[in-house]
Amino acid sequence: VGLFGHPGHDAVWAGIGMGLVTIGVAIASPMLGRPVIWAVGRGYRAVFGELGQLAELNAIRQPRRTAATASALMIGLTLVSLMTVFGASARASISDQVHQSLRGDFLIGSQGFKEFPVSVATDAGKLDGVSSVHAMSTATFQLVGADGRIQDSQGDGQDRQLMFTVGGMKASDLDQMFPQKITSGRMFRSPGEVIVSQDAASYRSLHTGSTLTGYNSDKQKKITFTVVGLFSSGDGLSGAGIWTSQDTFDRVGLGSQDSFVSVNLAPGADREAVRAGLDRATADMPLVSVMDIDEYAAEQMDQVNQILVFIYALLGLSVVIAILGIVNTLGLSIIERTREIGLLRAIALKRRDIRRMITLESVLIALLGAVVGLILGVCFGAVMQRLLVDDGITVLSVPWLQLLIFLLAAAVVGVLAAVWPARRATRVNVLTAIATE
């Protein structure tokens, strides 16, 4: 329903669906887990012989308890792998958008998109090895109604409609900083003329010939813009939804600072020398940085990584709870199988064999939860990416190597969870165990 029904609040419907699927899988895990146990059991028998077979049979002896124990780890790894797939998709989408949306060998920008002096672009253009420099400035306006009144926010969620941002650039810079193409009308030529992206035109019901009046609070001036053309950015993102000439900004005193500069190198230029020169041009402005496109993409992805680290720390608690669940289940199982363990010791098994058998059983339970959890997490991550396509998460990326590491980590969790139960089992007195009812 959330993916294909479009009833509204799609993410809520999809979230409910994910929760119900998780509950259903947890209930059905005694049956769904049998293929996993069988597959791991075949490997156990090939590598460990009779000990592997005993571990497999012990795991499926009480399938509901085994499944319930594995469910805690399953839920934890479902959430971890979901966020891993989502994070990888977000990073891949950011990288894809940055490389499709920006042009230039070097980019100069400020943290938080703050403005900086136009002298930076001027100094950059004077460097040896620089073929061209393209700069943009921005200004934010409040919408002015047809009656001439400034539209103020009333706290009704319409802030986005009442405010709009206009970018300023030279007419010759079209398609130089960002991939942009006029699809209707023409490029601006005179002050007050603007071109509007197709998305912004649709959102604000604008077309060629429309007018848009805005009030800039910094300069306390009203400007009426006339739409003379519509443009498309293709698959990339535009630097601004509305563009006008720098002359328009200069006439009202808004063009004294830039918010973004793109630098192109001349053929055969020394890249490192130009980079050093750009660094010197921005040395006295600590918030302004010089980056190439790969560095800019990495900086944007770092924000996603910081959020994921915090989420992983929280989800780590669920893994700890899962370990305790496996420890408790194995401990209870050993108490119930005291006589059986005593007989195995009396027949042939040594203490290290008992320890290995219980460890293999613990690893099998952990792998059961991990495999089911990873499958669910990948599916849920794909669903989340599909729901957020319109929000910029356009690429589905599944980090298989990272998921494999999670699977191996689950096996390690199984080994650690078996330490105390195995120690207890090996300390059982053989004669006392055999006499136990």
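**Helix burial, salt bridges and a charged patch**

In helix H11 (residues 338-347), Thr338, Ile341, Gly342 and Leu344 are buried, where buried denotes under 20% relative accessible area, exposed over 50% and partly exposed the range in between (1.4 Å probe, protein chains only). Viewed down the axis of H11, these buried residues fall within an arc of 160 degrees and so line one face of the helix, the arc being that of the directions from the helix axis to the C-beta atoms. The model is a predicted one, in which local features need pLDDT of at least 70 and side-chain atom pairs count only at pLDDT 80 or more, whereas totals for chains, interfaces and linings use all residues. Residues are numbered from 1 along each chain as its sequence is written, and side-chain values use heavy atoms, with hydrogens and water left out.

The structure holds 7 salt bridges, each defined as a side-chain nitrogen of Lys or Arg within 4 Å of a carboxyl oxygen of Asp or Glu. In one of them, glutamate 56 pairs with arginine 45, the closest N and O atoms being 2.9 Å apart; the pair links helix H3 (residues 50-61), which holds glutamate 56, to helix H2 (residues 34-48), which holds arginine 45. Glutamate 56 is buried at 5% relative accessibility, while arginine 45 is partly exposed at 33%. Arg42, Arg45 and Glu56 are linked in a network of salt bridges.

Arginine 275 forms a salt bridge with glutamate 295, with a closest N to O distance of 3.2 Å; because glutamate 295 lies in helix H10 (residues 293-336) and arginine 275 in helix H9, this pair ties together parts 20 residues apart in sequence. Arginine 275 also meets aspartate 279 in a salt bridge (3.7 Å, N to O), both residues lying in helix H9 (residues 271-281), 4 residues apart.

Definitions and conventions
Helices (H or I, at least four residues) and strands (E, at least two) are DSSP runs, numbered from the N terminus.
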